[in-house]
Amino acid sequence: MNPALDVRNLRVHFLLDEGTVRAVDGVSFSVEPGKTLGIVGESGSGKSVIGQSILRIVPYPGKIVEGEIILQIPNGQDIPTRVNMVELDPHGRQARSIRGKEVGMIFQEPMNSFSPVHTIGSQITEALSIHADVSAQEARNRAIEMLRKVGIPQPEHRIDSYPHQLSGGMRQRAMIAMALVCNPRILIADEPTTALDVTIQAQILDLLKQLQEEFGMAILFISHNLGVISEISHDVLVIYFGRVMERAPVDVLFRDPLHPYTKALLKSVPGIDTPVRTFLSTIEGTLPDPYISIPGCPFFGRCMECGGSTVCRDSPYELTKVDDRHFVACPQMCIPNPI
Ligand SMILES: Nc1ncnc2c1ncn2[C@@H]1O[C@H](COP(=O)(O)OP(=O)(O)OP(=O)(O)O)[C@@H](O)[C@H]1O
């Protein structure tokens with residue numbers, strides 16, 4: 001099956017007075033229709049900048065310096081149109097028509113996405129009037145239907161509410177409705193449940209899974225929370241210092257992690273059978289200085305397994321194939337067949 005989204009060797013740099021931040025440093029992945037790729041990593045590892053790059057909304061002074069972001073857009077013919085987002089003018093007509101229509105987005109804080117002075121209905125119908133050729137009445141009916149689908153009670157009345165009149169969970173549902181009302185083929189969800197309590201979080205994850213089944217969209221789900229990632233993802237990309245450390249199907253990653261960073265992340269999460277008052281392990285140290293360029297493994301200084309090996313410090317970064325769906329970038333693995 002053709003991937004809905006294919007990202008190849010993406011590099012995004014922020015050129016600051018202090019130096020260059022290599023926020024995303026050669027990341028490749030693809031997501032098929034109906035599948036969810038979870039991107040996990042600690043704060044500052046480059047997760048959000050990947051999502052922003054796909055939408056071409058990387059904030060100034062960030063710049064995509066290399067790579068391709070390929071979308072397959074159906075055109076009614078056998079072969080879909082192939083669009084490389086990197087080649088588009090981010091402010092141009094084509095990029096604007098792809099954002100919202102082909103690629104939907106939901107973020108952690110809906111208040112930042114909704115205008116506080118317009119009703120949620122007017123904002124959802126506006127998305128429809130930009131991207132779909134529908135009458136005002138049809139747009140309102142579709143907005144009500146979408147609000148119903150995302151579980152907002154009495155959507156005929158709620159559609160005329162202002163964002164501040166909804167609870168946090170309801171606002172998040174309304175944002176999902178806005179993101180999905182044009183039936184996008186790709187959804188980018190950047191920490192969409194982080195600000196919610198665990199019950200609402202579980203409801204939103206269930207809702208996304210159910211909507212994915214219905215619409216068949218590919219989801220890129222960004223989170224620092226491994227529990228949430230395990231719940232929603234089919235495959236997982238573990239990212240550190242702008243680079244992929246490991247990629248695997250979700251069950252393989254949780255059962256048989258190979259990169260010491262993935263193992264350390266997993267150890268820092270409490271399990272259901274973790275006794276109360278047990279100290280969870282933490283990952284000593286912090287991400288390296290963002291302005292430096294590291295030729296070898298960026299986790300070298302914090303790794304508990306490499307024992308200060310110069311191989312890890314000096315070997316060029318390389319993502320190595322373990323099998324068809326499992327890749328790892330650990331110099332100690334010494335596996336042949338680098339991709
Ligand atoms: N507007 C900006 N200006 C300068 N540097 C930036 C900007 N946005 C991101 N960066 C840098 O890019 C790197 C990656 O940031 P990013 O926001 O993608 O991390 P993240 O993994 O999403 O973290 P978090 O979970 O905290 O959102 C960081 O070093 C960050 O400081």
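Let me start with a definition: a residue is buried if 20 or more other C-beta atoms lie within 10 Å of its own, exposed if 12 or fewer, and partly exposed in between, with C-beta atoms placed from the backbone. Asp206 counts as partly exposed because it has 13 C-beta neighbours inside 10 Å.

Before we go on, what you see is a predicted model, in which local features need pLDDT of at least 70 and side-chain atom pairs count only at pLDDT 80 or more, while totals for chains, interfaces and linings use all residues. Residues are numbered from 1 along each chain as its sequence is written.

Let's stay with Asp206 for a moment. Asp206 sits in helix 8; helices (H or I, at least four residues) and strands (E, at least two) are DSSP runs, numbered from the N terminus. Glu231 is 25 residues away from Asp206 in sequence, and the two are 9.1 Å apart in space, C-alpha to C-alpha.

Now, the domains. The domain assignment, which is automatic or from a database, gives domain 1 (5-102 + 184-333) and domain 2 (112-183). Their centres, taken over C-alpha atoms, are separated by 29 Å. How many residues of domain 1 are in contact with domain 2? There are 13, and they touch 13 residues of domain 2; contact here is two C-beta atoms, placed from the backbone, within 7 Å. On the domain 1 side, helix 2 (93-101) and helix 8 (198-215) each supply at least two residues. Helix 8 has the largest share of that side, with five residues. By class, that side has ten nonpolar, two polar and one charged residues. For the classes, Ala, Val, Leu, Ile, Met, Phe, Trp, Tyr, Cys and Pro count as nonpolar, Asp, Glu, Lys and Arg as charged, and the others, Gly among them, as polar.

On to the ligand. Which residues come nearest to the ligand? Of the 16 residues around it, these are Ala23, Ser43, Lys47, Ser48 and Val49, where near means a C-beta atom, placed from the backbone, within 6 Å. Strand 1 (5-16), strand 2 (19-31) and helix 1 (47-55) are the elements that give two or more residues to this shell. Helix 1 gives the most, three residues. The shell divides into seven nonpolar, eight polar and one charged.

Strand 1 and strand 2 are joined in the antiparallel sense by ten bridges, and Leu16 stands opposite Gly19 in strand 2.

Finally, look at strand 10 (residues 243-249), where six of the seven residues are buried. Strand 10 runs antiparallel to strand 9 (residues 235-240), joined by six bridges, with Val236 opposite Ala248. Two residues lie between the strands of this hairpin, and Phe241 takes a positive phi near 55°. Strand 10 also pairs with strand 12 (residues 326-328), antiparallel over two bridges, and there Arg247 stands opposite Phe327. Strand 10 is also part of what covers the buried residues of helix 11, along with elements including helix 9 (226-232), strand 9 and helix 10 (250-255). In helix 11 (residues 260-267), the buried residues include Pro260, Tyr261, Thr262 and Leu265.

Conventions
Two strands pair if DSSP finds at least two bridges between them.
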